[in-house]
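Subject: Structure handover

Hello,

Here is the structure you asked about. My notes on it follow below.

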Amino acid sequence: MDIKIEQLTTEQTKPVPTEFQFGRTFSNRMYTCHYDPDKGWYDPKIGPYRPLVLDPATSVFHYSQEIFEGLKAYKRPDGHINLFRPWENAARFNRSAERMSMKTVDAEEHVQAIASLVELEHEWIPSGDGTSLYIRPAMIATDPFLGVAASKTYLHYIIVGPVGNYYAEGMAPVGVLISDDYRRAVRGGTGAAKTGGNYSASLIASEKAKEKGYTQVLWLDAIHGKFVEEVGTMNIMFVYEGEKIVTPKLTGSILPGVTRDSLLTLAPDLGYEVSEEEIEVDQMLADVKSGKITEVFGCGTAVVVSPVGWFGYRGENVDVNHRKMGPISQHLYDALTDIQFGRAKDPYGWTMKIEV
Ligand SMILES: Cc1ncc(COP(=O)(O)O)c(C=O)c1O
């Protein structure tokens, strides 16, 4: 399908701002494409960024039949642009669509839509340290119908905006509260899909954690309340004795992160052993206290690597690595961002270069 590119009027062309905040600043254009059972996907278009006008009965507002993705475009030292593993995000988008009984998209066309939008909006890609263009593909159910059933019509859209650091703390290690009261996801549920309900259901736990002075919540499995799953909206990794990196194995309730997968591939080439295991929370805390676990970090697109400085669990705080970022977290952060930004060779074929 050819994407129609609409011309923007002068009014629709805002200048690129010098200051921006994660998730609040968006560029001038967006991609949209519609689905209905007769036409299939139709009318793919890049036009002005604009509000969506939807009937109040639209099913996404009531039953949350929606999915999204998050990836980034990076300014390379040669002035061109890198997308990082957009094919993985497209594949996950379609897995999420299937889980939520939505229509899948043509993965190649989806990546092409991202590339075209990023190319048109390349002036919005900031070049400051750690900055990039965040790309948010989404799909929503658009039937104006209150019956609880899979929608027949959908809107697929993509918006982009410049971002710096996700956390106000930057790369400083953060406090993480281990939640005993709330669970994020359960096997058989939707934890492995990127769908809004997972996030709205998690808000109460993160708000309560913030009230207690923590930045993130560590999620335990919903069946036993004992195995470590994720931290906030990131996967989690533990460094044992300064050489082995262990992350919870994918059980169906954990989101399979692209960053997680990239680090599991990259780390052995940097000389570290990696392993995917069940990690029991009491043993993990004992290993942090004894110094067997030397570093802990969350990993995801928004932050890349975010060190955990301390855990709060049942009234006790346990410090990790004296609340400092460790050398392996830093090594992995540097190695991965060097590939993402095109400062280092990409032997894995992860980057898609867009010439501008
Ligand atoms: C719940 C959850 N876990 C993990 C991740 C990390 O995934 P990725 O590395 O693909 O950004 C994300 C963010 O996308 C997430 O929302």
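How many bridges join strand S15 to S16, and do they run parallel or antiparallel? Four bridges join S15 (residues 293–300) to S16, and the two run antiparallel. Strands pair here if DSSP finds at least two bridges between them. Helices (H or I, at least four residues) and strands (E, at least two) are DSSP runs, numbered from the N terminus.

Before the rest, two remarks on the numbers. This is a predicted model, in which local features need pLDDT of at least 70 and side-chain atom pairs count only at pLDDT 80 or more, while totals for chains, interfaces and linings use all residues. Residues are numbered from 1 along each chain as its sequence is written.

Overall

The chain has seven helices and 18 strands. Its radius of gyration (taken over C-alpha atoms) is 21 Å, and the globule rule is 2.2 Å times the number of residues to the power 0.38. The rule gives 21 Å for 356 residues, so the chain is as compact as a globular protein of that length. The C-alpha trace spans about 60 × 50 × 35 Å along its principal axes. Of the 356 residues, 41% count as buried. A residue is buried if 20 or more other C-beta atoms lie within 10 Å of its own, exposed if 12 or fewer, and partly exposed in between, with C-beta atoms placed from the backbone.

Domains

The chain is divided into domain 1 (4–163) and domain 2 (174–340), with bounds that come from an automatic or database domain assignment. Their centres, taken over C-alpha atoms, are separated by 28 Å. The contact takes 19 residues from domain 1 and eleven residues from domain 2; two residues are in contact if their C-beta atoms, placed from the backbone, lie within 7 Å. On the domain 1 side, S4, S5, strand S6 (81–84) and helix H2 (86–99) each supply at least two residues. H2 gives the largest share of that side, six residues. By class, the side of domain 1 that touches domain 2 has six nonpolar, five polar and eight charged residues. For these classes, Ala, Val, Leu, Ile, Met, Phe, Trp, Tyr, Cys and Pro count as nonpolar, Asp, Glu, Lys and Arg as charged, and the others, Gly among them, as polar.

Strands around S7

S7 pairs with strand S8 (residues 154–163) in the antiparallel sense over ten bridges, and alanine 141 stands opposite tyrosine 154 in S8. Strand S4 (residues 66–68) is joined to S7 by three bridges, also antiparallel; there, phenylalanine 68 stands opposite alanine 138. Strand S5 (residues 71–75) and S7 pair antiparallel over three bridges, with alanine 73 opposite leucine 133.

All five residues of S9 (174–178) are buried. Val174, Val176 and Ile178 point one way from S9, and Gly175 and Leu177 the other way. In a regular strand the side chains alternate between the two faces of the sheet.

S9 is joined to strand S16 (residues 304–313) by four bridges, and the two run parallel. Valine 174 stands opposite valine 308, and valine 176 opposite phenylalanine 311. S9 also pairs in the parallel sense with strand S10 (residues 216–220), over three bridges; the bridge partner of leucine 177 is valine 217.

Seven of the ten residues of S16 are buried, so S16 is largely enclosed by the rest of the structure. S15 and S16 form a hairpin with three residues between them, in which phenylalanine 297 has proline 307 as its bridge partner. S16 and strand S17 (residues 316–319) pair antiparallel over four bridges. Their hairpin has two residues between the strands, and arginine 314 takes a positive phi near 50°.

Ligand

The shell around the ligand includes Gly70, Glu230, Asn235, Arg260 and Thr301; a residue is near a molecule if its C-beta atom, placed from the backbone, lies within 6 Å of it. Helix H5 (residues 258–269) gives the largest share, three residues. The shell divides into three nonpolar, seven polar and two charged residues.

Regards
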